[in-house]
Structure formats: structure tokens, C-alpha cells
There are 2 protein chains.
Amino acid sequence: MKLYDYQLAPNPRRVRTFLAEKGITVPTVQVDLRAGEQFTPEFRAINPECTVPVLEFDDGRRIAEVVAICLYFELAHPEPALMGVGPQDRAIVADWHHRIERQGFWAVGDAFRNSATGLKGRALPGPDGYEQIPALAERGVARTILAVCQFVAGDRYTIADILALVTVNFAARINLTIPDDCSHLRRWHESVSLRASAAA
Amino acid sequence: MKLYDYQLAPNPRRVRTFLAEKGITVPTVQVDLRAGEQFTPEFRAINPECTVPVLEFDDGRRIAEVVAICLYFELAHPEPALMGVGPQDRAIVADWHHRIERQGFWAVGDAFRNSATGLKGRALPGPDGYEQIPALAERGVARTILAVCQFVAGDRYTIADILALVTVNFAARINLTIPDDCSHLRRWHESVSLRASAAA
């Protein structure tokens, strides 16, 4: 098993943080996105979508979606549970996770990919080039919501907290910081940033 | 337990089809999106996001994301399995499901919501108004990928097939139909459309 990774990108960081919380070590292969290694013929053969992370199983099968990769490790190594315990709790964690993706992570991603100079002509990840849409960058900033309680989805640290943490840090790249009046969010961010897994 | 639903919208249809495959009946409450019932104070109190579906548990807690709702029923009623069996298979089904969301369902959604006359000023679901972005509508059409094999994620019907089915039908609303040279996709679509659950 191996994990194709890039230390500076938010999506692989979600997986690394998840693995660190689990105490699992997986051999990684760095794919330098800034140098365009995701577009080489060698990496296209591994993932035609030209994205990381990619988890390669020992039988050679590969998956490339963050939640799918985390789900594999959650099921193969249930402790500590990061995706909820029992049907209702697991559904509620999944619900929060999707909500943060939609209102936070993807909003920041829209803003970042449609404004960063280095991503001109690559406003969407993947092999096909798409021009940046300035209106989409503006909308991304406008709609980003950053707000949580003690933990995002209940009384324990979950995959939803990991996504929220990565989102807050990702938002700094579009110059969004935690507003002064969001004391709950600030306290939560300071607290989760102290976890060892936050440095993964 | 009850499910807030709207018969004509693609997201609640994903849940209804999933439930029909499981043979589960849940009482539903129709929320007429075309009449704007999702914006009434009564419905905002149920889901501030102003979207359907919403699953309300007997303890009053609610979740509003399609995959989270499906996950609850998958865990509470495991047979027939619609989200894979075992860690690796479940991760692979989740991977396919996300891929179809990204390349199919959301691409169609971008095209539809940014072009439909009835959605002017509401290019994103939810309580906040966002203007349509014509470039996003064009990009949505351009990047929609419709292609599958016998079943989407292996040798049995799964949540990934349900999403692909809803996506193909949703794509008709932006005048995208199955291209003539996609005989595999056509055969798959004809076959899954015959399932009783397709009428849910």
C-alpha cells in the first residue's frame, strides 16, 4: 500500500491528519504539484484525474477521493473512531462533513483556484484546462462560512474537525482569517491546532 | 422519522431511489420548491439551508445531505448493500460515487442552476441569493462526463449507479443526452431505468 501525496496541498493534508489521528503510517510518494508532476505520463497512468491524494492498495487498485480513502482506514482500523459510532452518529458526522465541504472548503477552493496567478487556465483540478472565472472567485470569498462549536459534530474529534481545520488554514491563502468576533471559532482553532496530528 | 421531499428535484430522488432499492418506506412531507416553500419561516426552522431532502430522526435531530441520509439507512438496514461490502469495496464505491458527483452531477447542476430562468438570483441552493454566472453554465455543459460500464462500481447495483441514473436524467434538463457512440452507457441506462426503484 502507498499514498501519493503532496506536502503543501490541502486535500492530501486531510488524509495525513486523519492517519496521524489513527496512529497509522503509510509509505508516501511525493508528487510535486507546483512542478506539474501530476501531468506527467507516469502519474497520469496512476491517476488520469491528475490529482493527489491517491491511495494504492496492494492489489494495485487505486482510489483518489479524500473521503473514500479515509473511509477505508476508518473501517480497517476502527479505533479511534473519526467518522462517528453507530448509524445515527455516523450519519450526523457525515452531514457536518458535507456541510463544511460545501460552505467552507469548496468555497475557499473556488476563490483560490479562480484567482491564484499560478492556476491560470487550471481553474479546476484535473487534466482538462478551464479558464479562471473571476465572478466565481468573488462568490467563493463571499460565501465562505467559518463557524464551529467545541467539536464540529458532537463531543469527539472527527473527520469533520479535520476538514474544518484544513479549511481555516486553506482560507488564509485567499486572505480570509477568523473574524475578531468569532471567539468560539478562534478557541476551537487554537485547540485543534495543538493536536499532534495538525502538523501532519 | 420523516423525510422532507420534493418529487421533482434530483437530490431527494437519490434518496427515494436508495430507499426503494432497500425496500424501506419512510413517511414523506412534500416541500414545493417551485412555489418557494423552502424559504418559508416554517421550513427555515426545519432546515436553515432551505434545501431538501431532510431526514428527521425520532429524537428531532435532522440531517440534510444525501450521502449522510443514505449512510444512515445503509447502516441501519444493511441488506441489500448499496454502499459496498468490506473496507476496500466500500472505499471503492465511495470513490466512484464522488467521481460521478464531481464530473457528472455537480457539472450538470452548475449548468442548470446558472442558466434556468426560474433560478435567476439563486444560482446556489440555500438561503442566500447568488447571481447566475453564465461562464459557469457553459463550463458545466463542457465538463459533464457521462460514461459507465455494467454497473458503476463493480458487479452489483450501488449508490454510485443511483447517482449516475439521476445525473443522466438531470442532464436532460440542460439538453445533454447520451451521445450516439456511447453504446455502453445507453445499455446501462436502459437497464437500470427498468428497475422498480427508478420510478421512486
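**View 1. Pairing of B:Lys2 with B:Glu56 in the sheet of chain B.** B:Lys2 has B:Glu56 as its bridge partner in β3(B). Strand β1 (residues 2–5) and strand β3 (residues 54–56) of chain B run antiparallel and are joined by 3 bridges; strands count as paired if DSSP finds at least two bridges between them. The model is predicted: local features need pLDDT of at least 70 and side-chain atom pairs pLDDT 80 or more, while totals for chains, interfaces and linings use all residues. Residues are numbered from 1 along each chain as its sequence is written, and chains are lettered from A in the order in which they are written.

**View 2. The open sheet of chain B.** In chain B, 4 strands follow the order β2-β1-β3-β4 with mixed pairing. β2 (28–30) and β4 (62–63) of chain B are the edge strands, each pairing on one side only. Helices (H or I, at least four residues) and strands (E, at least two) are DSSP runs, numbered from the N terminus.

**View 3. Packing of α4(A) against α5(A).** Helix α4 (residues 87–113) and helix α5 (residues 134–143) of chain A pack at an angle of about 150°, their axes 7 Å apart. Axes are lines fitted to C-alpha atoms over the stretch in contact, and angles run from 0 to 180 degrees between N-to-C directions. α4(A) and α5(A) are therefore roughly antiparallel (over 145 degrees). Residues in contact, with C-beta atoms, placed from the backbone, within 7 Å, include A:Ala107 of α4(A) and A:Leu136 of α5(A).

**View 4. The side of chain B that touches chain A.** The contact takes 28 residues from chain B and 28 residues from chain A. α4(B) gives the most to this side of chain B, with 9 residues.

Note on methods:
Angles under 35 degrees count as roughly parallel, over 145 as roughly antiparallel, 65 to 115 as roughly perpendicular and the rest as oblique. Two residues are in contact if their C-beta atoms, placed from the backbone, lie within 7 Å.
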